[in-house]
Amino acid sequence: MSEHSTPSSTTTQNLSSAELELKRLELAFKQKQAEVELEKEKTKQKLAEIKIEEEKRKAEEEKRKAEEEKRKAEEEKTKQKLAEVELEKQRIKRVKLTIQTPNAFSISEFDFYEQHVKNNLTEIVTPTWLGEIGERITVKTKRYGEFNSENNVQQAFMSFITEMARGIEYNAKPYDTSRHVTLGNKRPDVCLIPKNLDIQDVSRVASGFSSILHSIIEVKHTNISNSSAHGQVFFYLTEILRIQKNRREAFGALSTYESIRFVKAERDESQIHYFITDLFPLCSHDSNDQNSDGVQYLSNMLRLHIDIPTPTFSVKIHSFLGIGATSVVYEITDPNDPSSKIAMKLCTSIDRMVVEKEKKILRTLHSKLSSESKKHIPKIVSEGDENTLLMPKYTQLIINKLIPIPFNKLACIVDLLKDVHDAGFFHKDIRPENIVQTTEVDYDLVLLDWGFAEEKSEHYNVSYFQGTVSFCAQDYAKAFIEKHPIPYQKKFDMECLLKCCFYIYDEELRKLFNESSKDNINLVDKLKIYMEIWKDYAESNTIFRTALQNLSYDSIKQALESLQQQQH
């Protein structure tokens, strides 16, 4: 073979080399492409790992935040718990300082003495808190024979202490509060009021005079040394301390006309301590000049200065008008017109919201009722304060014997009741004393006392008694007696009004009520007595029976018309 290749063979060789190079390049490209794909896969995997790490980091962050929030919540909870513990400590301290008194309806004077006073009572000789006897005074009195009732004793005592107050420079003035002022739902016989808070100028005396009381005196016919008498007077002093939180001592006395014992209640941080003195002579039946040691200490009590804050709301009181289960009514000078007189309803209930509730109900009714019906519900003359409702002065029908009254006047109250029911309310305490007349010549009748009124509700069950025993509906009374609560219904209001109409027109029925009036029996027995009275009345009075059997607004009007025809 020749050493030198031919051109054709050289060309062939070159092509082979090129092919090989191409294949090599292709292989290298594929290898590089595989490497790139592998790198892509690695990158994707790395990104996935980064994403997982990021999610894990976020989860850790969320967990950390949750734990931080939990820690903060625990800290807040601990702070709150500590605050609650501190508040509870303060509450316990306040309770100890306040000494919560039992509801007067739930405990007798004897039980109050046995449970709250007996073990904390100290008997002492003289009332050291009243100071020493200084220059003796003499009080002029008339001579009395033997007293035959507690009322006579109270009148004689009031006359004596009033005369005493005239002869000395006193810091407290005595008031006869046995009839119409309450203290813890009871009525002390004599209340001493600071002279700068004369009762004729003060109205903010919710819960009786407890917020402004200086001292109290309970007057008995004979025995002032028994547990019930002690329980009664110490209940009053405890109630004063409960209301007047700035005071640490409260003072009083137990007295007959002939003798007197002085009492004090003093509190520390844990309990109330009670003190009672020996018996002192007071007034003699054989003399007009009274200057015993009891007289001297009593005059010291009138001179005692006690700092009691002046109420922010005051009016001029002229006379006492009446009393109800939750309030006392006075005639006062209209704060907006000094030349006119209006009525002030003053809350005496433990539930201080009674008057506020009545004002709210009246405002709602004045916005909902027809213009004709609005004439027959009280106007709110002024808001007063949270314990008072100021309204026009009305005249009671029964007390002033303004009966019989025209049929059309009472028929307006029937129309009012229908309008009230249509507006979605129940009155719940319709009785003759709550039907009054305006003072105009062409007068209108007005339905008072909306403190028990309620908005209608299917779920409102009667589990406690509200209203007036002698005029409530038979089914309502029966449900209460049998302890089987039922929703209050508009027919109960209608039955109350029907009974009131017959009471107003029927003099014999009023006499029967007076004969059946009993104060010293429990609520259930009273309800049974009046249920029986109305049952017998329905049997004997055809008009009443017919109206009751077909009870409606129209049946009440028809009964009224029949009653008026009978009157003629």
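This tour visits a pair of packed helices and then some salt bridges.

The model is predicted, so local features need pLDDT of at least 70 and side-chain atom pairs count only at pLDDT 80 or more, while totals for chains, interfaces and linings use all residues. Residues are numbered from 1 along each chain as its sequence is written, and side-chain values use heavy atoms, leaving out hydrogens and water.

Select helix 10, residues 490-505 (helices are DSSP runs of H or I, at least four residues, and strands are runs of E, at least two, numbered from the N terminus). In helix 10, Lys499 and Glu495 lie four residues apart, about one turn of the helix. Lys499 forms a salt bridge with Glu495 (a side-chain nitrogen of Lys or Arg within 4 Å of a carboxyl oxygen of Asp or Glu). The closest N and O atoms of this pair are 3.1 Å apart. Both Lys499 and Glu495 are buried (buried is under 20% relative accessible area, exposed over 50%, partly exposed in between, with a 1.4 Å probe and protein chains only).

Next, select Glu249 and Lys264, a salt bridge with its closest N and O atoms 3.2 Å apart. Glu249 is in strand 6 (residues 249-255) and Lys264 in strand 7 (residues 259-267), so the pair links distant parts of the chain, 15 residues apart. Glu249 is partly exposed at 31% relative accessible area, whereas Lys264 is buried at 9%.

Finally, select helix 9 (residues 474-481) and helix 12 (residues 523-540), which pack with their axes 10 Å apart. Residues in contact (heavy atoms within 4.5 Å) include Phe480 in helix 9 and Trp534 in helix 12.

Conventions. Axes are lines fitted to C-alpha atoms, for helices over the stretch in contact, and angles run from 0 to 180 degrees between N-to-C directions.
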